[in-house]
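Please look over the sequence and the model below before reading on. The paragraphs that follow go through a few local features one at a time.

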Amino acid sequence: MLKFVTFAVKTQLNVHDLNNEAVAGNVTDIRIMEFLDENGNRSEAPAVSGRMLKHWHYEGMRQLIINGTYSSIPLCASCKVGEPVRPAELLDNGILSHRTAIEKGAEVVVKQCSICDVHGYLAAIAGAKGAKGTSAESEEEQEPVSERRSSRAMFSWLMPVLEKINPNEEMGPVSKQVIHSRVKSGKDFDDKKLTSQMPFNKSYASGIYAFVSALDVYRIGLVELNLGNHNLYAIDDNERKNRIKVAIEAYRLMLSGQIGASLSHALPHQNPIEVLVAYSETGPLPFPVSPMYSDYLEKTIGLMPQGTQFLYWGSGSPSGVTKKNTIDEIFQEILKEI
Ligand SMILES: [Zn+2]
């Protein structure tokens, strides 16, 4: 059975604002990251943080579960509504409680939420002193509570493919700022008032990008505190398989460009170029070499241990891999191993 899978993806994205994290007043700018090219020269270009990619894998899992494809898989109250602080339980009074969810321990949290299981959590809750809605005088002081589970899904930043960056900087990733306006309408509309129109600036970028990701399939459902016990897992085999399937299917949504902000009005013009998947049925794998480098295929194949399976989609013909005609064939092949 599948224990570990890695993805190395090269894709073109035109006119996206996947990571408009640099906001100043009514100007939203795209994040620029510095890096070194293959000759060690400093360069900079629009890039998207791994936090953003991880968030969109999380969103992909949520959608597949909420939309009914995997509706039998449980979610905690936080993950049901996409609340970033997780896990949580919905109390009878309608309030989300992070404390009770965490105090029950990892075994219960993993049982109750597939996304907290796969994506992990870091939760620190203050004791009664200083906690919201309580006072140290009226309640007994409690120790702070913290719980941590490491993510089974790991992501790099989305970075430009270096061979596409021209030294004269006229090629490679580019960005442009444009002005949008939110037009107010209705009986109060007054076009003489500037506030009716509210112009604002946004940046959009284009480029050929790469990212790598790893999914530690073996540890989905596993509770580390159970190490040494007969049963490592908080959930049964069928439930585990469904969780692994939904975690893998979420990558398919990412490959369609579902990886950024402003999806309602700035879907990226996505054009996948290459996908290399490495998987193992025996143990964890090293992370793949990033497709931002021109020789990533040979280096990744040379890095992985004996027994690693490789699936490839793209225009190249690397040796040592099983070449697939479509990206769907890659997913079908991985899903068969679950
Ligand atoms: Zn959750």
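Which side chain does a polar contact join to that of Glu 89? The side chain is that of Lys 104, at 2.4 Å; a polar contact is a pair of N or O atoms within 3.5 Å, where within protein one must be able to donate a hydrogen and the other to accept it, and residues adjacent in sequence count only if both atoms are side-chain atoms. The model is predicted, with local features needing pLDDT of at least 70 and side-chain atom pairs pLDDT 80 or more, while totals for chains, interfaces and linings use all residues. Residues are numbered from 1 along each chain as its sequence is written, and side-chain values use heavy atoms, without hydrogens and water.

Glu 89 lies in strand β6 (residues 89-90); strands are DSSP runs of E, at least two residues, and helices runs of H or I, at least four, numbered from the N terminus. Beyond its neighbours within four places in sequence, Glu 89 has contacts (heavy atoms within 4.5 Å) that include Ala 77, Ile 95 and Gln 112.

Helix α7 (residues 296-303) has Tyr 296, Leu 297 and Thr 300 buried, meaning under 20% relative accessible area with a 1.4 Å probe, protein chains only; exposed means over 50%, and partly exposed is in between. Among the elements covering the buried residues are β1 (4-16), β14 (269-280) and β15 (309-313).
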